Amino acid sequence: MRVILAVMLLLVAGPAQAAGPLAHREILPNGAVLLVAERPAIPIVVVRVGVPAGAVHDPADAFGVANLTAALLTRGTTRRSGPELDRAIEFVGGSLEAGAGSDGAAVTLSVLKKDLALGLDLLAEVLLQPTFSPDELARKVTDIQGTLRRSEQEPETVAARELSRLMFPGHPYGRPVYGTIESVGTITREQVTAFHQRYYRPDGANIVAVGDVTVGEIRRELLQRLGGWSAPAAPVPAVPKAPLVTSVEERKIARDLTQTTVLLGRPAIRQDDPDYFPLTVATYILGGGSASRLYTRVREERGLAYSVYSALTPARYGASYLVSLQTRTDGVVEAVRLSRDEMVRLAREPVAPRELSLAKSYLVGSFPLRLDTSGKLARFLGAVEESGLGLDYPERYKERVGRVTAADVQRVAAKYLDPATFSEVQIGR
């Protein structure tokens, strides 16, 4: 509760009441960035280590290797097998997880303060000493292939995968993080080991600690275990920014379904673009909730969609803008037309003062919910560091959203929400 209140004060209080920074930041001798949010009232400590080992670095002959590498980290080290790691962390009621996304990978530990030493021992092991045993690799490949096969029965997953390819042609964001059934099946242990050696490195890494721990304490404990962690000579290859403008395409994938899934999408802008905050407000007004224009017009008034929303999703090297709807098959044409009409109307007509005020109040007021647990706060701090947004980002978010005017919304809608600039994917009959 104290964490929630502190964060809410940070976001809602005026300048005279502004709280201090969310976390302490320093650079460790090996180049890793350490971020510590001391929360003495919470007996759990969360430690998250983020590394530049995402799917954007998958080589052309090993799509899915970033995801596979991360999935294998907790399946055996030079000291313990996968089941032994599981038993050790479960015995103290903690968790130790690893995973990779497009931009990076992370190992996350959560333990009671009294078990922090053991937890950090385990974290250091899986981060620095994974064995990638052939048996575990074969099992994990089978698991991933099974997940990919099952995903073919999920229309939204299929549509999102195809839309990413259309929005980001030739860019790593156009490739699936999991790879394909075929590509994952050909990945070798040598490729996994080489990926780990190259991308699990302290330069470009961030280590976030949240909970009942001091800066001096966590620094000391980490240096004891990660002090010898050093970067390889070869730098991390640069990843190009995703283009903001691409060709517009349409795809229809036939499936024998009772409803049709439609995704409209285009590349968008990150949080460091001045237009990001007006576009965030415009997105909420268009399709951000049950009072949004898409929800009201397409679902409530016309009964044409089971689900309809819009979303702006920033990432490290670009962003995407999405309009999603699921509708009965005989209503697809009308539902898509209405959705496109609302996108155009947002650029053509100024939003009403009450509509604008409600959107801004919701966005500012709901922001603390992103930080209301230690795990959420650790992920947020890692993301802020990786994107170079600065620890004052929550304050700037509140201030920039608060400054958005009706003219700003209309301007960015005209610039970024023109339906003619959106690719479209349909999954259905």
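How many nonpolar, polar and charged residues are in the lining of the second largest pocket? The lining has 14 nonpolar, eight polar and three charged residues. Ala, Val, Leu, Ile, Met, Phe, Trp, Tyr, Cys and Pro count as nonpolar, Asp, Glu, Lys and Arg as charged, and the others, Gly among them, as polar.

Before going on, the ground rules. This is a predicted model, where local features need pLDDT of at least 70 and side-chain atom pairs count only at pLDDT 80 or more, while totals for chains, interfaces and linings use all residues. Residues are numbered from 1 along each chain as its sequence is written, and side-chain values use heavy atoms, with hydrogens and water left out.

Back to the pocket. A pocket is an open set of points on a 1 Å grid over the protein atoms alone, with protein on both sides within 12 Å along at least five of seven lines; lining residues have an atom within 4 Å of a point. Closest to its centre, of the 25 lining residues, are Y276, L312, P314, R370 and Y397. Helix α14 (374-387) gives the most to this lining, six residues. Helices (H or I, at least four residues) and strands (E, at least two) are DSSP runs, numbered from the N terminus.

Now the sheet. Five strands make an open, mixed sheet in the order β7-β11-β8-β10-β9; two strands pair if DSSP finds at least two bridges between them. β7 and β9 are at the edges with a single partner strand each, so one side of each has no neighbour in the sheet.

Look at β11, residues 423-428. β11 runs parallel to β7, with five bridges; R251 is partnered with V425, and E250 with E424. With β8 the pairing is antiparallel, also over five bridges, and T261 stands opposite I427.

Is β11 buried or exposed? Six of its six residues are buried, meaning under 20% relative accessible area with a 1.4 Å probe, protein chains only. Both faces are covered: S423, V425 and I427 on one side, E424, Q426 and G428 on the other.

How values were computed:
Buried < 20%, exposed > 50% of the residue type's maximum accessible area, 1.4 Å probe, protein only. 1 Å grid on protein atoms, 1.4 Å probe; cavity = no way out; pocket = protein on both sides within 12 Å on 5 of 7 lines; lining within 4 Å.
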